[in-house]
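Please read this note alongside the structure shown below. It is meant for a colleague who has not looked at this protein before.

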Amino acid sequence: MKNKLYPWLLKYYKKIIKMLKKRQHHSILINSDKNLGINKLVLNIKKWIFCENIKKEFFCNKCIKCNLIEKKKFFDIYYLKLFKKIKINNLREIIKKILLTPQYSNKKVIYIEHSELLTELESNTLLKIIEEPPKNTIFFLQTNKIKNIISTLKSRLYIINIFNEKKKKNIKWLLKNTNFNYKKCKQAIEISNNIPLLAKKILLGNSWKIRKYFYKCLLKKIKKKKLIDLLNIIKKEFIIFFLNLIYTIFLDSIKYKKKMFNFIINIDQKKLIIFISKKFKKKIIYKSINSWMQFEKNILNINRINYELVLLEQIFKWEKILKNNVNNILLP
């Protein structure tokens with residue numbers, strides 16, 4: 001298998017292949033955290049299913065079918081990526097196609113990404129075909145929010161929960177796959193909430209520079225009591241990243257207060273951490289974090305939300321929390 005999997009996915013790959021060999025399950029739901037490379041896992045499984053030269057759990061990655069699957073041109077694979085809303089006709093069209101005779105083999109695969117976004121009507125439509133599937137048809141559903149999938153659909157699926165590796169293993173992988181030192185890799189793993197692919201993206205992309213710039217602005221704006229200026233920095237497309245920056249720096253200030261120096265994540269932001277720690281009471285730091293957590297909940301769970309307006313309201317709320325509840329300590 002030359003198209004190597006990430007090490008944290010290999011055991012799940014082998015488990016699914018073993019199940020498919022024994023024909024134990026034809027409908028699998030993969031539940032995991034974001035940014036763990038699940039699409040790559042499913043891609044490799046699809047190659048194994050159709051490969052002309054399989055050897056146990058390995059596919060050749062050279063045959064015509066492997067190449068067509070890699071290029072997303074294999075007609076017996078049907079893919080549906082869900083967004084906030086899809087038309088039921090899109091799902092029905094795919095179901096109609098999988099009822100037809102396969103073009104390249106005697107098997108078919110359907111892969112539905114973000115299946116937590118299926119409505120009750122769409123779930124029930126899918127349920128009918130899963131309960132009585134065409135011969136040699138395999139279903140893969142992916143989700144990061146399994147609780148949002150209706151129970152009747154879940155009951156017909158074999159659920160595989162993919163958990164992240166321990167931090168030490170992820171730091172080791174990051175060291176091997178980047179040119180950064182241990183200190184920086186450890187910090188990136190901490191910032192990314194122990195998600196190695198996200199940590200790598202942070203280190204290799206612009207995220208590291210954006211992070212440093214954001215913290216520099218945050219220190220300046222808190223001092224000047226002009227948090228409203230952050231409105232132009234916290235962009236919608238990177239909101240989760242910015243929220244993690246806010247959470248980690250304020251939690252670091254709590255750790256500093258408690259003298260838990262070895263557990264501080266943003267070790268290069270000592271000036272900002274000390275400033276927040278000395279300026280604000282512990283209960284106000286917690287209150288600030290909770291207000292942003294509520295903001296995150298609102299933007300993720302409410303459709304058609306006016307992001308700019310909600311962010312503006314949140315910054316005003318945050319500013320009020322910080323202004324009205326500070327320690328009377330003079331700081332430079």
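The points below go from the overall build to particular side-chain pairs.

1. This is a predicted model, in which local features need pLDDT of at least 70 and side-chain atom pairs count only at pLDDT 80 or more, while totals for chains, interfaces and linings use all residues. Residues are numbered from 1 along each chain as its sequence is written, and side-chain values use heavy atoms, with hydrogens and water left out.

2. The protein contains 14 helices and five strands, where helices (H or I, at least four residues) and strands (E, at least two) are DSSP runs numbered from the N terminus. Its C-alpha trace spans about 75 × 45 × 30 Å along the principal axes. Of the contacts with a separation of 6 or more, 71% are between residues 24 or more positions apart, a contact being heavy atoms within 4.5 Å.

3. Of the 332 residues, 48% are buried; buried means under 20% relative accessible area, exposed over 50%, and partly exposed in between (1.4 Å probe, protein chains only). The protein exposes about 19,000 Å², of which carbon and sulfur atoms supply 53%, with areas taken from the Shrake-Rupley method with a 1.4 Å probe and, for residues, only the protein chains shown counting as cover.

4. How many aromatic pairs does a search of the whole structure find? The search gives 12, counting rings of Phe, Tyr and Trp (its six-membered ring) whose centres lie within 6.5 Å, with planes under 30 degrees apart called stacked, over 60 edge-to-face and the rest tilted. The rings of Phe-250 and Trp-318 have centres 5.7 Å apart and planes at 55°, so this pair is tilted. Because Phe-250 lies in helix H11 (residues 239-257) and Trp-318 in helix H14 (residues 307-324), the pair ties together parts that are 68 residues apart in sequence. Phe-250 is buried at 0% relative accessible area, and Trp-318 is likewise buried at 0%. Elsewhere, ring pairs link Phe-214, Tyr-215, Phe-241 and Phe-242 into a cluster.

5. Charged ends also sit over rings, which requires NZ of Lys or CZ of Arg within 6 Å of the ring centre and within 35 degrees of the ring normal. Lys-40 is placed in this way over Tyr-6, 4.6 Å from the ring centre, and Arg-211 over Trp-208, 4.8 Å from the ring centre.

6. The whole structure has eight salt bridges, each a side-chain nitrogen of Lys or Arg within 4 Å of a carboxyl oxygen of Asp or Glu. A network of them links Lys-167, Lys-186 and Glu-190. Glu-190 meets Lys-167 at 3.0 Å, N to O; since Glu-190 is in helix H8 (residues 182-191) and Lys-167 in helix H7 (residues 167-177), this pair ties together parts that are 23 residues apart in sequence. Glu-190 also meets Lys-186 at 3.8 Å, and these two are four residues apart in helix H8, about one helical turn. Lys-167 is partly exposed at 38%, as is Lys-186 at 30%.

7. Within helix H11, Asp-252 and Lys-255 are three residues apart, about one turn of the helix, and they form a salt bridge with the closest N and O atoms 3.5 Å apart. Asp-252 is buried at 0% relative accessibility, and Lys-255 counts as buried at 17%.

8. The structure holds zero disulfides, a disulfide being a pair of cysteine sulfur atoms within 2.5 Å. The sulfur of Cys-66, a residue buried at 1% relative accessibility, has its closest cysteine sulfur in Cys-63 at 3.6 Å, which is too far for a bond.
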